[in-house]
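This note is written for a colleague who is meeting the structure for the first time. Please read the points below alongside the sequence and the model.

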Amino acid sequence: MTINEIQEEIIDEFSSFDDWMDKYNYLIELSKELPIMDNAYKTESYLIQGCQSRVWIHAELQNGKIRYTADSDAIIAKGLIALLVRVLDNHSPEEILNTDLYFIDKIGMKENLTPTRANGLLSMIKQMKMYALAFKNR
């Protein structure tokens with residue numbers, strides 16, 4: 001699937017919920033689907049700066065595609081990173097760098113996150129794109 005197809009799938013899923021409490025509950029469910037991250041990557045060097053909670057992101061380049069693993073000690077942050085991993089995982093650095101993550105606005109995420117969570121989300125996206133930039137320039 002392309003990045004945009006995955007984004008459309010997420011928009012579809014979130015559109016079935018009428019209120020934000022249901023959407024938050026869905027985010028919590030998504031957090032449970034995030035594959036377990038190796039504890040070797042739960043160190044300061046993989047910790048995202050700018051997040052109120054602790055969020056770790058690790059990336060590897062495999063056959064020209066970036067594979068992300070991530071975790072968080074906070075359930076909502078873990079749901080957010082699970083969404084980002086779902087959208088960006090297993091795509092080329094170029095695809096990731098050139099993508100517009102429009103699903104965040106379309107599902108109403110920006111206006112329904114606290115300012116600190118919104119900043120954390122931006123920090124997660126920035127880190128994932130920094131990995132893509134680093135792998136592209138290898």
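How much space lies in the largest pocket?

1. The largest pocket. The model under review is a predicted one. About 180 Å³ of space lies in its largest pocket. The lining is formed by Leu-30, Glu-33, Leu-34, Pro-35, Tyr-68, Thr-69, Ala-70, Ala-82, Leu-83, Val-85, Arg-86 and Asp-89. Sorted by class, the lining holds eight nonpolar, one polar and three charged residues.

2. The largest cavity. Rolling a probe the size of a water molecule over the atoms shows where empty space is left. A search of the whole structure for cavities of 30 Å³ or more finds one, and the volume of the largest cavity is about 30 Å³. Its lining consists of Leu-80, Leu-83, Leu-84, Phe-103, Ile-104, Met-109 and Leu-121. Here, α3 and α5 each contribute at least two lining residues, with α3 giving the most, three residues. By class, the lining has seven nonpolar residues, no polar ones and no charged ones. Leu-83 is listed for the lining of this cavity and also for that of the largest pocket.

3. The nonpolar core. The largest nonpolar core has 45 residues, of which Ile-57, Tyr-68, Ile-81, Phe-103 and Met-109 touch the most other members. Two or more residues are given to this core by each of α1 (3-15), α2 (20-33), β1 (55-62), β2 (65-72), α3 (75-88), α5 (103-106) and α7 (115-136). The element that gives the most is α3, with 10 residues.

4. The surroundings of Met-109. Which residues does Met-109 touch, not counting residues up to four places away in sequence? They are Trp-20, Leu-27, Leu-80, Leu-83, Ile-104 and Leu-121.

5. Packing of α1 with α3. Two packed helices are described by the angle between their axes and the distance between the axes. For α1 and α3, the axes come within 8 Å and cross at roughly 140°. On the α1 side the contact is made by Ile-3, Ile-6, Gln-7, Glu-9, Ile-10, Glu-13 and Phe-14, and on the α3 side by Leu-83, Arg-86, Val-87 and Leu-88. The residues in this contact divide into seven nonpolar, one polar and three charged.

6. Two asparagines with positive phi. Most residues other than glycine have a negative phi, and most peptide bonds are trans. Asn-63 has a positive phi, near 55°, and its place is in the loop between β1 and β2. Asn-63 counts as exposed because its relative accessibility is 82%, over the 50% limit. Phi is positive for Asn-90 too, near 65°; this residue is in the loop between α3 and α4 (93-98). With a relative accessible area of 38%, Asn-90 is therefore partly exposed.

7. Is Gly-120 buried or exposed? Gly-120, in helix α7, has 4% relative accessibility and so counts as buried, the limit being under 20%. Beyond its neighbours within four places in sequence, Gly-120 is in contact with Gly-50 and Cys-51. Gly-108 is 12 residues from Gly-120 in sequence, and the two lie 16 Å apart in space, C-alpha to C-alpha. Arg-117 is likewise in helix α7, but at 35% relative accessibility Arg-117 counts as partly exposed. Neighbours within four places set aside, Arg-117 is in contact with Tyr-24 and Ile-76. Between Arg-117 and Glu-94, 23 residues apart along the chain, the C-alpha separation is 27 Å.

Methods:
Residues are numbered from 1 along each chain as its sequence is written. This is a predicted model: local features need pLDDT of at least 70, side-chain atom pairs count only at pLDDT 80 or more; totals for chains, interfaces and linings use all residues. Side-chain values use heavy atoms; hydrogens and water are left out. A nonpolar core is a set of buried Ala, Val, Leu, Ile, Met, Phe, Trp, Tyr and Cys residues joined through side-chain atoms within 4.5 Å. Buried means under 20% relative accessible area, exposed over 50%, partly exposed in between (1.4 Å probe, protein chains only). Helices (H or I, at least four residues) and strands (E, at least two) are DSSP runs, numbered from the N terminus. Contact means heavy atoms within 4.5 Å. Axes are lines fitted to C-alpha atoms, for helices over the stretch in contact, and angles run from 0 to 180 degrees between N-to-C directions. Ala, Val, Leu, Ile, Met, Phe, Trp, Tyr, Cys and Pro count as nonpolar, Asp, Glu, Lys and Arg as charged, and the others, Gly among them, as polar. On a 1 Å grid over the protein atoms alone, a cavity is a set of points where a 1.4 Å probe fits but cannot get out, and a pocket is an open set with protein on both sides within 12 Å along at least five of seven lines; lining residues have an atom within 4 Å of a point. Grid points are joined across faces, edges and corners, and a volume is the space filled by probe spheres set on the points.
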